Amino acid sequence: MNPNLTFTREFRVERSGRGRRRFRDPRLTPDVPRGTIPRVTKLMALALRFDQLIRDGLVADQAELARLGHVSRPRVTQIMNFLNLAPDIQEELLFLPRTERGCDPISEHDVRPIAGTMDWRKQRRMLSALIGKQLARVDTIPLQD
């Protein structure tokens, strides 16, 4: 072997949640988008997944979903009510931008009354009013760094 042979490699030392050190190769670290996925987006995706599980026969009904998920039946019903939304609203919720700072722009609490309305045109008007209200609220809040 050649005693003058050297290897050079870049790595990053990070602390995990419990303080342990982890070595990461920056070339292997994937580019993770900034921010978090809004909770209402996750719930919409979960409702679609639950519906597919029931349709495929992998789960008998919503009661079984509640038992498997260790949640109450009313909570599963709240999530499944998102399926009552107009298809374009469902799509809009699924593709909301990531939240990089502060609270999510649209909360589950805001969407529940919209999902409780069966008229899709009225749902669209309610969502437009909600988005307009949220935009007005964001415009009045000064950003702090």
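1. **Ground rules.** This is a predicted model, where local features need pLDDT of at least 70, side-chain atom pairs count only at pLDDT 80 or more, and totals for chains, interfaces and linings use all residues. Residues are numbered from 1 along each chain as its sequence is written, and side-chain values use heavy atoms, with hydrogens and water left out.

2. **Overall layout.** The protein has six helices and two strands, and along the sequence they follow the pattern β-β-α-α-α-α-α-α. Helices (H or I, at least four residues) and strands (E, at least two) are DSSP runs, numbered from the N terminus. Of the 145 residues, 25% count as buried; buried means under 20% relative accessible area, exposed over 50%, and partly exposed in between (1.4 Å probe, protein chains only). Among contacts with a separation of 6 or more, 61% come from residues 24 or more positions apart, a contact being heavy atoms within 4.5 Å.

3. **The core.** The largest nonpolar core holds 24 residues, and Phe-82, Leu-85, Leu-93 and Val-111 touch the most other members. At least two residues of this core come from each of α1 (39–55), α2 (62–69), α3, α4, α5 (108–115) and α6 (120–140), with α1 giving the most, six. Such a core is a set of buried Ala, Val, Leu, Ile, Met, Phe, Trp, Tyr and Cys residues joined through side-chain atoms within 4.5 Å. Leu-85 is worth a click: leaving out residues up to four places away in sequence, its contacts include Met-44, Leu-93, Val-111 and Trp-120.

4. **α1 against α4.** The two axes come within 8 Å and cross at roughly 125°. Axes are lines fitted to C-alpha atoms, for helices over the stretch in contact, and angles run from 0 to 180 degrees between N-to-C directions. The pair α1 and α4 is therefore oblique, given that angles under 35 degrees count as roughly parallel, over 145 as roughly antiparallel, 65 to 115 as roughly perpendicular and the rest as oblique. Val-40, Thr-41, Met-44, Ala-45 and Leu-48 of α1 meet Gln-90, Leu-93 and Leu-94 of α4. These residues divide into six nonpolar, two polar and no charged (Ala, Val, Leu, Ile, Met, Phe, Trp, Tyr, Cys and Pro count as nonpolar, Asp, Glu, Lys and Arg as charged, and the others, Gly among them, as polar).

5. **α1 against α3.** Here the axes come within 8 Å and cross at roughly 100°, which makes α1 roughly perpendicular to α3. The α3 side of the contact is Arg-75, Ile-79 and Met-80, while the α1 side includes Leu-43, Phe-50 and Ile-54. The residues of this contact divide into seven nonpolar, no polar and three charged.

6. **The two sides of α3.** Arg-75, Val-76, Ile-79 and Met-80 are the buried residues of α3. They cover an arc of only 135° around the axis, so they sit on the same side of α3; the arc is that of the directions from the helix axis to the C-beta atoms. Their cover includes α1, α2 and α5. The face turned away from this buried side carries the exposed residues Arg-73 and Pro-74.

7. **Two loop residues.** Asn-84 lies in the loop between α3 (73–80) and α4 (87–94) and is partly exposed, with a relative accessible area of 28%. Thr-117, in the loop between α5 and α6, counts as buried at 15% relative accessibility.
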